[in-house]
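Here are some notes to read alongside the model. Please keep the structure open while going through the points.

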Amino acid sequence: MILETGRVVSTETVADLGTVLVVSSPGIATRAHAGQFVHVRPGDRFDPLLRRPYSFNGIDRKRGEIELIVKPLGEGGEWIAERRGGDPLDLLGPLGTSFVVHRATTHLLLVAGGTGIAPMKVLAEQAAAAGRNVTLIMGGRSIHHLWPAHRLPPAVEYVTTTEDGSFGIRGRVTDAMPEYLSWADQLCACGPWPMLAAVGRMRDEAARSTSVIAGRDVLLDAQIAVEQHMGCAMGVCRACVIVTAHGNARVCREGPVLSLGDVRFEGGEPATVGVIT
Amino acid sequence: MPWRRPRKHVERARDVDRSVEEMLQQKAEHAEEDEAVDLAALDGASVVEAAMGEPDQPQPPSELATKLGEAVAGVDLESEAAGPAGARGARSLGRGSSRPVPADAGTFGQAHSSTPSSRASLLAPSPAASQDEASDPLEVVVSLPEAGIDLQVEAARGLWLKNPVMTASGTFGQGTEYAELIDVSRLGAIVNKGTTVHARPGNPQYRIAETPSGILNSIGLENPGAEAVAKRYGRAWAELGVPVIVNVAGYSVEDYVTVVREMEGTPGVVAYELNVSCPNVKGGMLFGMDPGLAAEVTRAVKAETGKPVIVKLTPNAPDVVAVARACEEAGADALTSINTVLGMRIDTKKRRPVLGTGSGGLSGPAIRPIAVHITYQVAQAVSIPIIGAGGITNAADALEFLMAGASAVQVGTATFADPLAPIKVVEGLAAYVRENGLSSIRDIIGAAQAKRDSAGTEYAQ
Ligand SMILES: Cc1cc2nc3c(=O)[nH]c(=O)nc-3n(C[C@H](O)[C@H](O)[C@H](O)COP(=O)(O)OP(=O)(O)OC[C@H]3O[C@@H](n4cnc5c(N)ncnc54)[C@H](O)[C@@H]3O)c2cc1C
Ligand SMILES: Cc1cc2nc3c(=O)[nH]c(=O)nc-3n(C[C@H](O)[C@H](O)[C@H](O)COP(=O)(O)O)c2cc1C
Ligand code: FES
C-alpha cells in the first residue's frame, strides 16, 4: 500500500446512490484488487480529522485510474463528493483483503446492496472479462438506489430488487437469491450489515439442514465485504475490530473481505466484543 | 431511460463454450500482459513511495484463521513485508557500535548483551560523545533533511534519543505496521500499544468517534498480552531500526510489575511508559488520579527494571502537578504529558452515546492547548524530563511543547490523517534549528518558561 496524491478526472452523480469519482492514481490502480479500499483524506487540515474508507468501484490498470462511489453521509463524504475534475485527492491504499474468485468458478453470483455495489461491480467486470458467467443481484429502497444497468458489462446478467417495487422484483436481495444459488459455483456479497446478516441466516439454515439443498456449498463458501468505523486503516488502532469465529479481526487488515461463515452477527449487526484466541 | 430490464437469463448449463482450463490460461496470459503494461506506464508517475516495488499481492479472505493464528505463533505477517523502511532499518542495525551508551539506557538490538562494547545501539550517545560520530560515513545519511543537525535529547533520565520525536501509544501499533509506509528509523523512538499481563479483547463498538479537530476513542486496551507481545514482536523490533518504549497498563501494582518482568530482555526495548491514565477501562483511572497510588506503582516498577521508567500523566487527575511531583519523588525518569481527556458524544438520532462504553478519551488538535498548559505547569514543578503529547500535527505544534518545557514529543492521532506527520515533525524541527542558527534543539527546551534558569531547563543541559 502507498500514499498517493491522486487527481480527480471526472465526477458524476448516480441517482441517490452517490457520486462516482474517477481518480487518476497510477500507483494505487496498479496494486488494487476487488474488495480492497482506499482511505481518503477529506481535506488537508485536521477537521474533519479522520480519513474515510471507500471501496474500489472500478480499477483501470491500463489508464492508472480508480473509480470510487461516495455517498455523502456527513462532512467528510460531502467534501470528497464535492471534488471536481483536476482536484487533488490524498489517498492511502490499497488496503485490506480482496475477493478471490476460485479458478474452478464458471458461474459467479454477486449480491450488492447500496454502495456495496462498488466491489461487486469490479468483480463483475473482471469475471466477465475472464469469460465467466456472472449474475449480479442488486437491491435498493427504490429505483433511485440502483446502479444503472448500462454501466455494467453487457455479458453480466443484472437482477434488481426494490423495497418499494418501483423496479424489478419487489422485496430484498435475499428474496431473489434462492433461484440463483443452485446455478452458481460461488457467491460474493457486499452491502449494509442487515443485508449481510440476512445472507448469513440463509447460510446458517443451509449449514443446519440435513437434506440436500441446492446451493448449499455456495452459501457455505460465500465471501462478504463488511464495514466498520475506522481510525488508522493501517491495523494499529483497533477501532475497526469485529468478532469472528477465530477471535477479533480488524476490518482494515483481516477484512474487509471475510468468509461469511467466519463473521459473527447479532440482530442484524456485527457482534462486537469477542475473545482473543 | 438508463434502467434496463434484467436481461434474459443466460444458459444455466455448467458446460461453457470453452473449457475451464482454456479460460484460466487465457486469463493468466492476460494478467501477465496487464501487469507488464502497467509497470511500464508507472515510470515517472507521481508515486510517493516509488520504491515500494512489486504490486501488492492479492490478499484472499479465506486464510483468516491462519492469519490470526500465525500472528500468535510468532510469525508476524506484517513485518515480513520488507518495505524500504524495513530494509533501511535493518541496515543501520546491522552495525555494532562501540559508542558509549549511557549506563542505564539499556541494551538495544540484543536481548542479553554482556559487555558495553557489544551493544548495538540506536540510542543517541550523549551529545559530547557524538562529536566524532559525524565523520562516520555510514551514520550520516546526507539526503535526509535532518542530517547533520543536532536534534539529540535526553527524553528520560539516561535515555538519549537521536531526535525528540516519538509516536504515541495506541496510534502506532507495534511499529511494524507503519513501517510499510514510512521510514520509522528516522524517529527518535516509538511507543507500542498499551500492554497488559493477559490478552484483552477490548471494548464494544463503536470504539471511535470524530469530534471537532479530534477524536474520541474507547478501544479498551485490546492487546495480546505481554508474553505474546514480547514473543511476536521482539524480532521485528530488533530490525525496525528505532528504539521501542513499551507502554504498560494494569489494574494492580503487580500487573505493572508483571508486564515489565515479561518484557525485560525483549530486543529493541529501551524504556517503559506506565499508562496510569487510560480512561477507557474501569479502574484504569485510579493510579493516575491519585499521587500516592501513582508513586506506589512507579516505585514498584523501578525496583523491577534498570531501564528508564516514564509515567504518563492523565489530564483528568484533580491535581496533575501533585501526581507529577509524587512520581518524580518515587523515582520516575520522565513524565509523558498528556494522555487523552475524558469526553462523550451523543447520537441524537439513537438517543445514546456514540461510543460503546459511553465515554472515551479525546485526542487530536482539540486537546493541544490543554496539553501545552499541563506541560508548562509540570515543567515548573519537576526536574526530570517531560515528553509532551496531545494534538501535535507538525513541527510548530511540537515546538510549543518543547518551549513549554518538554524534552521530547509524541505524535499520535495526527498520524491517522497524515501518516507522514511524525517524519514531518522531525524535518520541521531540523529546519527550525538550522534557520534559527541554534546549536541544537535543546536550546529551546523550556524557552517559554518564565524563569529560564529554573529547574525547567536544568535537565536539558
Ligand atoms: C471497507 C469500507 C468500504 C466502504 N466503501 C464505501 C463505498 O464504496 N461507498 C460509500 O459510499 N461508502 C463506503 N463505505 C462507508 C464510508 O466509509 C462511510 O460512508 C463514510 O466514512 C462516512 O463518512 P461521512 O463523512 O460521509 O459521514 P459521517 O457520519 O460524518 O462520518 C463520521 C465518522 O463515522 C465514520 N463512518 C460513518 N459511517 C460509516 C460506515 N458505514 N463505515 C465506516 N465508517 C463510517 C466516518 O468514517 C467518520 O469517521 C465503506 C466503508 C468501509 C469500512
Ligand atoms: C486510538 C488511540 C489509542 C490509544 N491507546 C493508548 C494506550 O494504549 N496507552 C496509552 O498510554 N495511551 C493511549 N492513547 C493516548 C495517546 O498515546 C496520546 O497520549 C493521546 O492520544 C494524545 O496525543 P495525540 O493528540 O497526539 O493523539 C491512545 C490514543 C488513541 C487515539
Ligand atoms: S482502523 Fe485502525 S486498526 Fe483498523
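1. Helices here are DSSP runs of H or I with at least four residues, numbered from the N terminus. L219(A) sits in one of them, helix α6 of chain A, residues 216-220. The model is a predicted one.

2. Is L219(A) buried or exposed? L219(A) is buried, because its relative accessibility is 4% and buried means under 20%. Its contacts, leaving out residues up to four places away in sequence, are M177(A), L181(A), L187(A), V199(A), M202(A), R203(A), A206(A) and L260(A). V40(A) is another matter: 179 residues separate L219(A) from V40(A) in sequence, and their C-alpha atoms are 33 Å apart.

3. Chain A has an assigned domain 1 (2-95) and domain 2 (107-229). The contact between them draws 16 residues from domain 1 of chain A and 17 residues from domain 2 of chain A. The C-alpha centres of the two domains are 24 Å apart.

4. How much area do domain 1 of chain A and domain 2 of chain A bury between them? The value is about 1400 Å², with 63% of it on carbon and sulfur atoms. On the side of domain 1 of chain A, the residues that lose the most area are L17(A), A34(A) and N57(A). Together they account for 36% of what that side buries.

5. Polar and charged pairs also cross this interface. The count is 2 salt bridges between domain 1 of chain A and domain 2 of chain A. For polar contacts, the rule finds 4 residue pairs across the interface, both residues at pLDDT 80 or more. On the side of domain 1 of chain A, the elements giving two or more residues are β1 (2-14), β5 (58-60) and β6 (65-70) of chain A. By class, that side has 8 nonpolar, 4 polar and 4 charged residues.

6. Two salt-bridge entries in chain A can be checked by name. E12(A) and R151(A) pair through their side chains at 2.3 Å, N to O. E67(A), K121(A) and E125(A) are linked in a salt-bridge network.

7. Over all chains, the search of the whole structure finds 22 salt bridges. One of them joins R51(A) to D90(A), with the closest N and O atoms 3.0 Å apart. R51(A) is in the loop between β3 and β4 of chain A and D90(A) is in strand β7 (residues 88-95) of chain A, so the pair ties together parts 39 residues apart in sequence. R51(A) is buried, with a relative accessible area of 1%. D90(A) is partly exposed, at 22%.

8. Which salt bridge joins two chains? The side chains of E180(B) and R253(A) meet at 3.2 Å, N to O. E180(B) lies in the loop between β3 (165-167) and β4 (190-191) of chain B, and R253(A) lies in the loop between β15 and β16 of chain A, so this pair joins two chains. E180(B) counts as buried at 13% relative accessibility. R253(A) counts as buried at 12%.

9. Chain B has a salt bridge between the side chains of K302(B) and D333(B), 2.8 Å from N to O. K302(B) is in helix α9 (residues 291-304) of chain B and D333(B) is in the loop between α10 (320-329) and β10 (334-337) of chain B, so the pair ties together parts 31 residues apart in sequence. K302(B) is partly exposed at 25% relative accessibility. D333(B) is buried at 5%.

10. D397(B) is in helix α12 (residues 395-404) of chain B. D397(B) is buried, with a relative accessible area of 6%. Beyond residues up to four places away in sequence, D397(B) touches R368(B), G391(B) and I392(B).

11. Backbone geometry needs a look at two cis peptide bonds. D47(A) and P48(A) are joined by one, with omega about 0°. P48(A) is in the loop between β3 (37-40) and β4 (52-55) of chain A. G255(A) and P256(A) are also joined by a cis peptide bond, omega about 0°. P256(A) is in the loop between β15 (247-250) and β16 (257-259) of chain A.

12. Positive phi values come next. R238(A) has a phi of about 65° although it is not a glycine. R238(A) is in the loop between β13 (223-225) and β14 (241-244) of chain A, and is partly exposed at 22% relative accessible area. L221(B), also not a glycine, has a positive phi of about 55°. L221(B) is in the loop between β6 (214-217) and α6 (226-240) of chain B, and is buried at 5%.

Notes:
Residues are numbered from 1 along each chain as its sequence is written. Chains are lettered from A and ligands numbered from 1 in the order in which they are written. This is a predicted model: local features need pLDDT of at least 70, side-chain atom pairs count only at pLDDT 80 or more; totals for chains, interfaces and linings use all residues. Side-chain values use heavy atoms; hydrogens and water are left out. Domain bounds come from an automatic or database domain assignment. Contact means heavy atoms within 4.5 Å. Buried area is the accessible area (1.4 Å probe) that two parts lose on being put together, summed over both. A salt bridge is a side-chain nitrogen of Lys or Arg within 4 Å of a carboxyl oxygen of Asp or Glu. A polar contact is a pair of N or O atoms within 3.5 Å; within protein, one must be able to donate a hydrogen and the other to accept it, and residues adjacent in sequence count only if both atoms are side-chain atoms. Ala, Val, Leu, Ile, Met, Phe, Trp, Tyr, Cys and Pro count as nonpolar, Asp, Glu, Lys and Arg as charged, and the others, Gly among them, as polar. Buried means under 20% relative accessible area, exposed over 50%, partly exposed in between (1.4 Å probe, protein chains only).
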